[in-house]
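Hi,

Here is the structure I promised to send over. Have a look at it first, and then read on for my notes.

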Amino acid sequence: MAAVQDGQLNMEVEKDIKTEITNDGSGNINANSSSPGSTSSGGKSKSPAGSGEDQQTLLAVLQFLKRNKLTESVDILRREAGLSADADDSPVSDSAGAGSGGVPNVSADGGDANSLLSRVSIATPVAPPATAPPKGLVRSHSKVMPSGGEDQPDVNVVLSAYSQQGDPVLYPLYYNGLKKFIESVLDCHRAELSQVFYPLFVHMYLELVYNNHENEAKQFFEKFSGDQECYYEEDLRILSSMSKKEHMKGNETMLDFRTSKFVLRISRDSYQLLKRHLQERQNNQIWNIIQEHLYIDIFDGMPRSKSQIDAMSGSLAGEGKRDANKAKVFYGLLKEPEIEVPLDDEDEEAENEEGKPKKKKPKKDSMGSKSKKQDPNAPQQTRIPLPELKDSDKLDKIMNMKEATKKIRLSPDNLPSICFYSFLNAYQGLTAVDFTDDSSLIAGGFADSTVRVWSVTPKKLRRVKSAADLSNIDKESDDVLERIMDEKTASESKILYGHSGPVYGISFSPDRNYLLSSSEDGTVRLWSLQTFTCLVGYKGHNYPVWDTQFSPYGYYFISGGHDRVARLWATDHYQPLRMFAGHLADITCTLFHPNSNYVATGSADRTIRLWDVLTGNCVRILTGHKGPIHSLAFSPNGKFMASGATDGRVLLWDVGHGLMVGELKGHSDTIYALKFSRDGEILASGSMDNTVKLWDTLKAFDDVELDDFTAATGHIHLPENSQELLLGTYMTKSTPVIHLHFTRRNLLLAAGAYNP
Amino acid sequence: MAEERRPKQCTVVLPTESMKAMAESIGVGQLQEESCAALSEEVSYRIKEIAQDALKFMHHGKRRKLTTSDIDHALKLKNVEPLYGFQSQEFIPFRFASGGGRELHFYEEKEVDLSDIINTPLPRVPLDVSLKAHWLSIEGVQPAIPENPPPAPKEQQKAESTEPLKVVKPGQEEEGSIQKGQGAISAEAKGKKEGLMRMKPRSTHELSVEQQLYYKEITEACVGSCEAKRAEALQSIATDPGLYQMLPRFSTFISEGVRVNVVQNNLALLIYLMRMVKALMDNPTLYLEKYLHELIPAVVTCIVSKQLCLRPDVDNHWALRDFAARLMAQSCKTFSTTTNNIQSRITKTFTKSWLDEKTQWTTRYGCIAGLSELGPDVIKTLILPRLTVEGARIKAVSEGPVVSNIDKIGADHVQSLLLKHCASVIAKTRPLPDNMEQYRADYGYLGPTLCSHVVKARAQAALQAQQVNRTTLTITQPRPTLTVSQSGIGGSGGSRSPSIIKVPSSLTLMSTRPGTPTQPSPPATKYIVMATSAGASSTQQVLDGSLVITLSSSSGSSVTSTVASATSTLQPLVKLESRGAGGLGGSRPLQKYIVVSLPTSASSSLESKSGMLPPSSSSTSPISLEAGMKMDHTGYVPNGTLLPI
């Protein structure tokens, strides 16, 4: 995309800003003090659809009047509503304007990397453009996509979505006619055309409901709901409860169906067949729906098989458009900074942390060699500004490398050991868990609004002394870092109070100084692990925040929740830097790419989206899950991604190509935890069904043959090899697995609450 | 694609009567039918909407159960004030009632006497959240430690012994679970393929070095001289999950041990071995069916053997017979099926040797004990008719010329045994009045003594009823179930408490077990089993250890008063047992049990209540299980089942 290239050119400018980022720590406290004032953020999230929608309706009416040459009424109405004349002069561009929520703005000026910080540092209120209802955001997103260009003006959708009214009695006949036709076509086309059934069914049903044909709608539903694919059952259940026009108002699922076009991928031949059939039969009702509510992505070539279609379908709004996944993604890793590694003798224990710099040898390791040359797929080192390494970070990196030399090489014959941390007496209240990267701390979020931090090493948790005591300390002494800690407060665990609702997401900062937690109360909180107090409450999501995640380089973090918008924050800004809008349902999980340039979000609309942090664009839409996605994991090389959903399946994705490359079946319940081993050979998955499963990912990725054709079309044949890939299943007694973590030496840690 | 695959989802709405009832409850009197219909649809839609939102919270809370707080959060999402006052710890015990063609689910809110609550000591403060680590897998192999599930789950062991061909072996377990998740076609294909492989099951009979060491230690401790060590070993057998592989060894050990020690008349060792059997049976992860061919002969030997000890006149071998008889009854209850017919075969064996004139008193005692442990119906059909004959024989010994001291002791024991078991049965079945002469006419020599026992039993039952009437409320009062979950994973640490695992299993065993087809089973009854231990009862404040509890039929109706229509059809059964738990060794504290059996219709509520009973440490005792099971078989054995096998 052009914007991306621009960004690369502007790197020089960006460096100036970089200095600004590095002041964290104290900056956070400042942000804290000002955070209560951030009330403007309240309007950002889903405002009750009222005002925005009214406005749109008004515009629609005006447009309608104008089209019918009723200029007088137009004037009157305009005067009444107090609208400026230009508001409706260009209805089409206007609709685009109405939809231009945060995203287009962001994407427009996202070209230069400065915007990332400058926008916030001058405290430009992001709020006004963002106040558009999520609907607007959703739609605006499709504007960003080049393919969305020929979209209908939104205003029309609101007013006339289901106004063309056919005879309700004929609906079942229409549907049946199409069903018969599709059943009669050649096998190769049948599977493709069958995709039409579900969106058609939904829209016909909604049309009936909208036009107050309640009984016909019920009959229609009963007659044909059984035909739909079983993975749509959830949506059908919601649909079935909607039987009155009044219900459609304010129903989110409804909005999704009405405002987003269901995307189908159909080969040209099949599409021609369908078109000819509908035109022959004069079946305008169905043709209208297809024209208006469906987006048919036509491709040349062989029609897809049933299994190919099934693998990709299942999301709320059909598959991702093909060109939605065409943007280049720099999935490579950033270069590791050059750090001289003091190599201790092999037999020395890693415990002497301060390190005795004796013999300085250059490190010979895979890590070291990787850092030598730039990965062609990696983004520019400075594509987004990253915080500078501090001394303590360097120490940690050294530790990391030392540990890495002792890492166990995993393979199907050499499985990792699993250490399970059970939370006892949690009474069903454990909602989130995270480990620090060095596996020294474990944090749990609980339904009773508390966050608890445990030390799993003999080193106890200590608080920094109070300010008065700190002033008495000799600041010049060598062990000042030791002296500032209050020995009296040493304990194995600490409790953090502050949230007022269940804590659903939790994440340690890479430097172990901070902890993030997101909660039902709509806030994300940043806690200091030095003082064990809350530093900042980030307000912006007014609805439950389901997940939050620190960037692997710290400083940035991402949060996503019920308001369907993922927000990118920097710890020292109380307002988000980016808002990623586009999902059609709750964002259930968020994850940073290892190079920190991208963010993946999984959603209850059963899609995964990958967002470019720099531009704010959505660069991948991955469909194929049949249930809300609850876990995501990137492979350590950044090339692959794994996702787990309530349907109990793990899907593997090639990030670069935007392709599904594997399907791992075996779990029988929601997968809440996924993690690749440190070298990426093994994927561990943990589920509500009380099992941890290990999968051979090397084999999984090898088995997929990617020729140019499949890469281009995305029509991939998935091998049915889940059993061969499954390396082990480990049952717990009665503990759902909700978090997994590989230590630096490739020991697998799992966590969950014992459920007697 | 069957049209009727899904239920008619869109037609599920609340009945209009509910609308009326709700309107009336807030003072709106005359609500028109149309308004009701409109309201009910609207309300149903809103409820569904909220439920769907609440599900989101459940998923993100990483739970499988929807809680009231999820509903609250969903309401909050819609800007509706949450419903206050509906906090529940675990689940809401909805009760079900039907009548007049209508079905009703309701939340039972009892009237609680405030003073009872004030006077009961406070429950313990719930334990704080804590973290515990264990190895789920070591280099790909799951260690058999208490924290991990048993390598071969009980269901699988059961399937293995009952349907050996269909079973998935432990090693293939994973593949089996995958198949579930897959499409039907591939699963079928795999099934065929594996079917061929399974013809030759791979079974390793080697024990690892650790297991060998464990086996050696355990067997030595079980038959050794140190009682403390033995208690520990038995505890380990009764709770450790990883014993599946050693089961054949244990079974052979017991069988051989009994064979040798019966010959040597080593009473102590026999007792130890029987306690091992007991522990094995108590282990919730083991399914013994495969090893009954070794265990049952051993147990039966201990019941009926002519001589079990060196000095029959002094040693208390009677206790061993009682204990073994109870074991026998327990295994009958658990493992008897139409295929193996254990119960009828055992009954036949006992009856045959009892009927034999030449049988010794010791064996005679064992036979009677074995039979009477099988339940009141066995007593009624097999023992009561023979009371006269047996009475005459006892009379011959006790009043006739002194034959031998041993015979006399034996006759005495048989007499007290008969009295003990028969009295309770007669008290329940025989109509009043208890006439001494009538008893003599019916039961011969034992008649008069029996009569006085029956009177005593009746009086006790009446007394019990009163007391229970007073205490029912507190007994069944739902208490925070926190105590159940306190000790957590039952780990090897100090907090190991097997009760967590065992209480539910023993309860379900009782309530769900269907009567085997050979027996004309009565309507399924459910039980509450409560146990108090005089020694270590910390959680149960309600029944103090010394309280002698009696129950009567009226207690049943008091508990089930809400379902009054059903109580009249069935006679609640009530039984009191009070005896030393171990019966042997005397090392265990005295325990008391109440077993209440109630009519079916009340069972749903009782079941849920029993789940909420404060678990006392003693409720894990084998006897509580056994006592419950004894009551389970209220309908047993018409003579037809005594046909030769």
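At roughly what angle do the axes of helix H12 (residues 292–304) and helix H13 (residues 317–335) of chain B cross? Keep in mind while you look that this is a predicted model. The two axes cross at roughly 145° and come within 8 Å of each other. The crossing of H12(B) and H13(B) is left-handed.

If you want to click through the contact, here is who takes part. From H12(B) you have B:Leu292, B:Ile296, B:Val299, B:Val300, B:Cys302, B:Ile303 and B:Val304. They meet B:Leu320, B:Arg321, B:Ala324, B:Ala325, B:Leu327, B:Met328 and B:Phe335 in H13(B). Sorted by class, that contact has 13 nonpolar residues, one charged residue and no polar ones.

Some background on chain B as a whole: there are 26 helices and six strands in it. The chain has 645 residues, and 48% of them count as buried. Taking contacts in chain B between residues at least 6 apart in sequence, 70% join residues at least 24 apart. Its accessible surface comes to about 31600 Å², with 59% of that belonging to carbon and sulfur atoms.

To see one pairing in detail, look at strand E16 (residues 565–570) of chain A, which pairs with E17(A) in the antiparallel sense over four bridges. A:Arg567 has A:Met579 in E17(A) as its bridge partner.

Strand E18 (residues 587–592) of chain A is largely enclosed by the rest of the structure, because six of its six residues are buried; the cut-off for buried is under 20% relative accessible area. E18(A) pairs with strand E19 (residues 598–603) of chain A over five bridges, in the antiparallel sense. A:Phe592 stands opposite A:Val599 in E19(A). Between the strands of this hairpin there are five residues, and A:Ser596 takes a positive phi near 70°.

Chain A has another open sheet of four strands, in the order E26-E27-E28-E29, and its pairing is antiparallel too. The edge strands are strand E26 (671–676) and strand E29 (726–731) of chain A, each pairing on one side only. In this sheet, neighbouring strands are turned by 15° against each other on average, direction ignored. Strand E28 (residues 691–696) of chain A runs antiparallel to E29(A), and five bridges join them. A:Leu694 has A:Gly728 in E29(A) as its bridge partner.

Is A:Met302 buried or exposed? A:Met302 counts as exposed, because its relative accessibility is 65% and the cut-off for exposed is over 50%. A:Met302 and A:Arg268 are 34 residues apart in sequence, and their C-alpha atoms are 8.8 Å apart in space.

Cheers

Terms used. Residues are numbered from 1 along each chain as its sequence is written. Chains are lettered from A and ligands numbered from 1 in the order in which they are written. This is a predicted model: local features need pLDDT of at least 70, side-chain atom pairs count only at pLDDT 80 or more; totals for chains, interfaces and linings use all residues. Side-chain values use heavy atoms; hydrogens and water are left out. Buried means under 20% relative accessible area, exposed over 50%, partly exposed in between (1.4 Å probe, protein chains only). Helices (H or I, at least four residues) and strands (E, at least two) are DSSP runs, numbered from the N terminus. Two strands pair if DSSP finds at least two bridges between them. Axes are lines fitted to C-alpha atoms, for helices over the stretch in contact, and angles run from 0 to 180 degrees between N-to-C directions. A crossing is left-handed if the near helix is turned anticlockwise from the far one by less than a right angle, and right-handed if clockwise. Contact means heavy atoms within 4.5 Å. Ala, Val, Leu, Ile, Met, Phe, Trp, Tyr, Cys and Pro count as nonpolar, Asp, Glu, Lys and Arg as charged, and the others, Gly among them, as polar. Accessible areas come from the Shrake-Rupley method with a 1.4 Å probe; for residues, only the protein chains shown count as cover.
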